[in-house]
Amino acid sequence: MTDGVQPIPKEEREARVEKARKLMRENRIDAVLMEGGSSTFYFTGRRSAAAILLFPRGGPVWLADARETPKALKDGGVSTGQVGVEERVRFELVDAIARELPALEFVSADPVIAGCRMTKSPGEIALLQRANDITIACYRAALASLREGMTQQELSANIAAGYKLLGVEGDAMAIFGKYTAFPHGSIQPQKLREGDLVLIDDGCRVEGYQSDITRTVIFGKPTQRQRDIWELERKAQDAALAAAKPGATCESVDAAARKVITDAGFGPGYKLPGLPHRTGHGIGLDGHEWPYLVRGNKRPLEPGMCFSDEPTIAIHGEFGVRLEDCMYITETGARMFTKQSPAIDQPFG
Amino acid sequence: MKEFGLEAVVIEPGPAMQYLTGVRWGRSERTFALVVPLKGDLGFVLPGFEEMRAKELIQPGSDIRVWQEDESPYQLIAKILKDRGVSSGRVGMDPSVRFFVYDGVKKLAPGLSYVSAQAALKSAGVDTTAQPGRR
């Protein structure tokens, strides 16, 4: 399913570096330090460098050996001032630089890096769309493989195999029965039984861009209780989607989903039974990235931002339900990449 | 730690955490940390909604402190340090600790000096060159 995929063109990556430079000046950051990973891929198309430095002028500086970083900073004229550090850079590297250049101050590079990565271009949205389409196709096939006695590992393996056949890399977590109340599953061995809820979550990558979709579906016939909670979950997901408009704060989207769940007598807050985590996260080259739909985050939504919408309802000892689709913000509101699940026994719309 | 002059060591999921506690956990943007003090019990800091899953892996009776999604995990790490009497001196960081975790702790416990725990972890038997996994 990867025919016609358009990788991010070189010009777009160069424009990203240009934007980073502008944000560096605005935030008085004299250099940005990254180690090989999603951020270096974003700016340069490569993940393999030991370290990359951005300066306010000139192209990115590549370092094959991280031990060259202090010298490269000095050569770039930065032996005092502020170095913005990408969030996942290891302590070891920062510490080695600090020992050689003790006058430097190390600050978070989030204003620069998240400032660039948080809003997606049409090309990025197209790649995310493809990753989402592939995940739905893969889940369709995998859920057709459900059978009595199946283990959670077998279902996970079927999903991973499906991704391979579709031409991408991806994986999934599978959770059955009462363990669906654990948002990220349990190590306890699980065998699928008639009447169990089945929860699958995670995604694949297309040109580095990630999908993240959760479906919760009944194996066999649902009880009324399962139906009721499933429908409440769907209402909570709908409420977050409706609240996600340009200018609305991130926390207001979380509050909208949470209100549906607390109004039904769950929670409040993160209390169980209820919604134990935030409603969603940003998504792009990382499966979870800024901005986060969480209480306390007053950042306003902007066109081009992409989020998961995934309130969970967890009821320990019984089951949990999570429906997760990702959405992107347009001038007029949020649009889902995928059709939401219409019913407990219909995972795909 | 005594030999290396460290009052405590802060560790993220990876080879060191697994070697010292048996806990294998994937790294994500949500801080999950282990504080190993020179004196007193180990302390775990982890996301509230992961408590049940984490307790399947962490030895019963451990000091586990949870942060909710809108709360600071670094506050809890700083509090464990304080509770174990670490208010000055050197704190070792697992060399693979990510900047945002180090920066978060440092801001809340600025009176401590942060150094690499590599030598101490290595001599304790940890393979500090192995890669930490991701979720």
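I began with strand 5 of chain B, which runs parallel to strand 6 (residues 113–116) of chain B, with four bridges joining the two. Two strands count as paired if DSSP finds at least two bridges between them. Helices (H or I, at least four residues) and strands (E, at least two) are DSSP runs, numbered from the N terminus.

A note to myself before going on: this is a predicted model, where local features need pLDDT of at least 70, side-chain atom pairs count only at pLDDT 80 or more, and totals for chains, interfaces and linings use all residues. Residues are numbered from 1 along each chain as its sequence is written, chains are lettered from A and ligands numbered from 1 in the order in which they are written, and side-chain values use heavy atoms, with hydrogens and water left out.

**Chain B, strand 5 and its partners**

I looked up B:Met93 and found B:Ser116 of strand 6 opposite. B:Met93 is also the bridge partner of B:Val10.

**Chain B, strand 3**

Is strand 3 (residues 43–47) of chain B mostly covered or mostly open? Five of its five residues are buried, so I noted the strand as mostly covered; buried means under 20% relative accessible area, exposed over 50%, partly exposed in between (1.4 Å probe, protein chains only).

Strand 2 (residues 33–37) of chain B pairs with strand 3 in the antiparallel sense over three bridges. Five residues lie between them in a hairpin, and B:Gly40 in the turn has a positive phi of about 100 degrees. Strand 3 also runs parallel to strand 4 (residues 63–67) of chain B, over five bridges. B:Phe44 took my eye: B:Leu34 stands opposite B:Phe44, and in strand 4 B:Ile64 is the bridge partner of B:Phe44.

**Chain A, the cores**

I counted nine helices and 18 strands in the secondary structure of chain A. Buried residues make up 59% of its 349 residues.

Which residues touch the most other members of the largest nonpolar core? They are A:Val32, A:Leu155, A:Ile159, A:Val198 and A:Met327, in a core of 91 residues. Helix 6 (residues 122–143) of chain A gives the most to this core, with 10 residues. A second, separate core of 44 residues includes A:Ala31, A:Leu101, B:Ile77 and B:Met93. A nonpolar core is a set of buried Ala, Val, Leu, Ile, Met, Phe, Trp, Tyr and Cys residues joined through side-chain atoms within 4.5 Å.

A:Leu53 sits in strand 2 (residues 51–54) of chain A. A:Leu53 is buried, because its relative accessible area is 0%. A:Leu33 is 20 residues from A:Leu53 in sequence, yet 4.9 Å from it in space, C-alpha to C-alpha. Beyond its neighbours within four places in sequence, A:Leu53 has contacts (heavy atoms within 4.5 Å) that include A:Val32, A:Pro60 and A:Leu73.

My last stop was A:Asp254, in helix 9 (residues 250–263) of chain A. With a relative accessible area of 3%, A:Asp254 is buried too. Leaving aside neighbours within four places in sequence, the contacts of A:Asp254 include A:His277, A:Arg278 and A:Arg295.
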